[in-house]
Amino acid sequence: MASDVRFPKTCSLDVVGIGNAIVDVLVQTEDAFLTQHSLQKGGMALIDEKQAEALYTASGPGLETSGGSVANTMVGIAQLGGRAGFIGRVKNDQLGGIFSHDIRAVGARFDTPAATTGATTARCLIYVTPDAERTMCTFLGASTQLEPDDLDLSMVSDTKVLYLEGYLWDSPAAKRAFIAAAEACRAANGQVALSLSDGFCVDRHRDSFLDLVNGHVDVLFANEVEIKSLYQTDDFDTALESVRGSCSVIAITRGSQGSVVMSGDQRWNIGIVGLGDLIDTTGAGDLYAGGFLHGYTKGESLERCGKLGAICAGQIVTQLGARPQVSLQDLVSTHLS
């Protein structure tokens with residue numbers, strides 16, 4: 001499919017993402033630490049600032065790196081040579097400075113003014129156990145205070161795809177910004193993509209997400225747990241049949257089983273791309289979406305989009321952290337003819 005068919009207008013940006021601006025603190029630990037602190041392995045728990053400080057103090061040495069699900073996706077797109085922008089709220093503190101520098105340094109556009117009052121910049125404590133599973137404890141801080149007034153609607157109206165983070169639905173203020181941005185993008189003939197973000201997030205907002213998926217989203221990203229949660233079934237194929245036709249494009253990741261891409265009656269099963277030992281699954285879905293959306297906005301076939309996503313995800317799980325430490329463009333050139 002040619003890009004001028006998929007996107008009939010010329011835009012200065014390929015993808016603009018709206019999400020939580022977070023600094024990740026990655027800590028390698030044992031299962032016993034999770035048990036000691038009553039953390040559900042593989043889950044994502046929202047915590048307050050006091051809990052964040054207590055867990056940080058109890059943790060071993062960590063690696064601080066800018067993160068946030070949709071922000072990671074925008075970095076992947078920028079590193080692949082795409083034109084990416086990000087909208088998210090930080091405070092004018094140390095972590096806010098780290099986040100702002102990191103995302104701009106890879107070539108993504110980030111113009112949201114830093115807050116001078118209110119909560120501190122968000123951070124996510126990510127505990128990586130020896131089996132490479134990650135357990136996240138997130139203090140959302142300033143990111144939840146994103147308001148419609150923080151939006152640069154000129155950026156939103158000048159992108160092919162607006163990519164939205166399901167986590168934003170937890171904050172009423174950010175939810176309003178989310179809706180305003182989607183309306184502005186659609187009014188300018190752009191497309192809207194959504195990540196369901198987390199199975200527990202889906203549990204909290206199932207009815208709202210179903211409404212979004214059924215009438216307001218062009219491209220849907222989810223993993224197997226999330227899509228089964230959305231349709232309240234334990235059977236993956238049942239969930240696929242339930243979501244089929246709800247959006248123009250659906251991409252579901254399945255960990256070691258690869259991914260499934262669907263559009264209408266068509267389905268492609270995409271295998272994983274093994275690029276090294278499994279170290280940390282943090283960001284695998286984020287980078288899959290980055291590779292997929294990069295191909296999608298360049299007019300690639302949906303099967304090739306899935307393969308681009310698989311390559312990016314295959315790289316990120318071989319390192320600690322969700323920001324690629326090697327050239328994604330070189331990997332694509334090597335593994336996708």
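Reader: What makes Trp-169 buried?

Author: Trp-169 has a relative accessible area of 7%. Buried means under 20%, exposed over 50%, and partly exposed in between, with a 1.4 Å probe and protein chains only as cover. So Trp-169, at 7%, counts as buried. Keep in mind that this is a predicted model: local features need pLDDT of at least 70, side-chain atom pairs count only at pLDDT 80 or more, and totals for chains, interfaces and linings use all residues. Residues are numbered from 1 along each chain as its sequence is written, and side-chain values use heavy atoms, with hydrogens and water left out.

Reader: And why is Phe-209 called buried?

Author: Phe-209 sits at 0% relative accessibility, so it goes into the buried class as well.

Reader: Why is the pair of Trp-169 and Phe-209 called tilted?

Author: Rings of Phe, Tyr and Trp (its six-membered ring) pair if their centres lie within 6.5 Å; planes under 30 degrees apart count as stacked, over 60 as edge-to-face and the rest as tilted. Trp-169 and Phe-209 have ring centres 6.3 Å apart and planes at 45°, so tilted is the label. Trp-169 is in the loop between β9 and α7 (172-187), while Phe-209 is in helix α9 (residues 206-215), 40 residues apart. Helices (H or I, at least four residues) and strands (E, at least two) are DSSP runs, numbered from the N terminus.

Reader: How many aromatic pairs does that rule give?

Author: The count comes to 11 aromatic pairs. Take Tyr-163 and Phe-221: their ring centres are 5.6 Å apart and their planes meet at 80°, so this one is edge-to-face. Tyr-163 belongs to strand β9 (residues 159-165) and Phe-221 to strand β11 (residues 219-223), which puts the partners 58 residues apart.

Reader: How do you know that Tyr-163 and Phe-221 are buried?

Author: Tyr-163 has a relative accessible area of 2%, and Phe-221 has 5%. Both are also in a cluster linked by ring pairs, together with Phe-7, Tyr-288, Phe-292 and Tyr-296.
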